[in-house]
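Trainee: I am new to this structure. Please take one part and look at it closely with me.

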Amino acid sequence: MSDADFVEKGLQYGNAAATADRAACRGTDPEKYEEALNNYMRAIDYMRTALKYNKNPKTQEVIRAKMMDYVGRAEIMQNWLKQYEQNGGPGGGAGVAKKPKKKGKGGGGGAG
């Protein structure tokens, strides 16, 4: 596999993660958060490998930036899942964890 193949595969997993992420944020299904987290982790692995083999500094910069986006979202998914488990998990009756706040573009601020 060339570094471009690793990047492409990483982007495929990243896109799948983003799709699951959006679905997870529309509801409270922990399976969607797990799916997003797993795909983000795979994307990070592929991007890390692409960085290892790519020697172009500009390309490395772009790959690293994308990888760090994935790391940030993966951390949010992990935190949400931890909260979910601490609040009783599936059928625990202790309530459902709050969804993580979405950062970034056009965020619809919320009343606190």
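Trainee: How many residues does helix 3 have, and how far does it reach from its first C-alpha to its last?

Mentor: Helix 3 has 30 residues, and its first and last C-alpha atoms lie 43 Å apart. That is close to the 44 Å expected at 1.5 Å a residue. The expected span is 1.5 Å times one less than the number of residues. A helix here is a DSSP run of H or I with at least four residues, while a strand is a run of E with at least two; both are numbered from the N terminus.

Some ground rules. The model is predicted, so local features need pLDDT of at least 70 and side-chain atom pairs count only at pLDDT 80 or more, while totals for chains, interfaces and linings use all residues. Residues are numbered from 1 along each chain as its sequence is written, and side-chain values use heavy atoms, leaving out hydrogens and water.

Now the setting. The chain has 3 helices and 0 strands. From the N terminus, the order is α-α-α. Of the 112 residues in the chain, 30% are buried. Buried means under 20% relative accessible area, exposed means over 50%, and partly exposed is in between, with a 1.4 Å probe and protein chains only.

Back to helix 3. Its buried residues are Gln 60, Ile 63, Met 67, Tyr 70, Arg 73, Ala 74, Ile 76, Met 77, Trp 80, Leu 81 and Tyr 84. An α-helix has 3.6 residues a turn, so residues three or four places apart point the same way. What covers the buried residues of helix 3 includes helix 1 and helix 2.

Take Tyr 84. This residue sits in helix 3. Tyr 84 counts as buried because its relative accessible area is 11%. Tyr 84 and Pro 30 are 54 residues apart along the chain, yet their C-alpha atoms are separated by 7.7 Å. Pro 30 is itself one of the buried residues of helix 2.

Next, the partner helix 1. Two packed helices are described by the angle between their axes and the distance between the axes. Axes are lines fitted to C-alpha atoms, for helices over the stretch in contact, and angles run from 0 to 180 degrees between N-to-C directions. Helix 1 (residues 3–26) and helix 3 (residues 57–86) pack at about 35°, with axes 11 Å apart. Their crossing is left-handed. Helix 1 brings Val 7, Gly 10, Leu 11, Gly 14, Asp 21 and Cys 25 to the contact, and helix 3 brings Ile 63, Lys 66, Tyr 70, Arg 73 and Met 77. By class, this contact has 6 nonpolar, 2 polar and 3 charged residues. Ala, Val, Leu, Ile, Met, Phe, Trp, Tyr, Cys and Pro count as nonpolar; Asp, Glu, Lys and Arg count as charged; the others, Gly among them, count as polar. Left-handed means that the near helix is turned anticlockwise from the far one by less than a right angle; clockwise would be right-handed. Contact means heavy atoms within 4.5 Å.

A nonpolar core is a set of buried Ala, Val, Leu, Ile, Met, Phe, Trp, Tyr and Cys residues joined through side-chain atoms within 4.5 Å. The largest core has 24 residues, of which Tyr 33, Tyr 40, Met 47, Ile 63, Tyr 70 and Met 77 touch the most other members. Helix 1, helix 2 (30–53) and helix 3 each supply at least two residues.

Follow Tyr 40 across. Leaving aside neighbours within four places in sequence, Tyr 40 touches Gly 14, Ala 17, Ala 18, Asp 21, Tyr 70, Arg 73, Ala 74 and Met 77. Tyr 40 is among the buried residues of helix 2. Those buried residues pack against helix 1 and helix 3.

Finally, the helix 1 side. Its buried residues include Gly 10, Gly 14, Asp 21 and Cys 25. What covers the buried residues of helix 1 includes helix 2 and helix 3. Arg 22, by contrast, is partly exposed because its relative accessible area is 43%.
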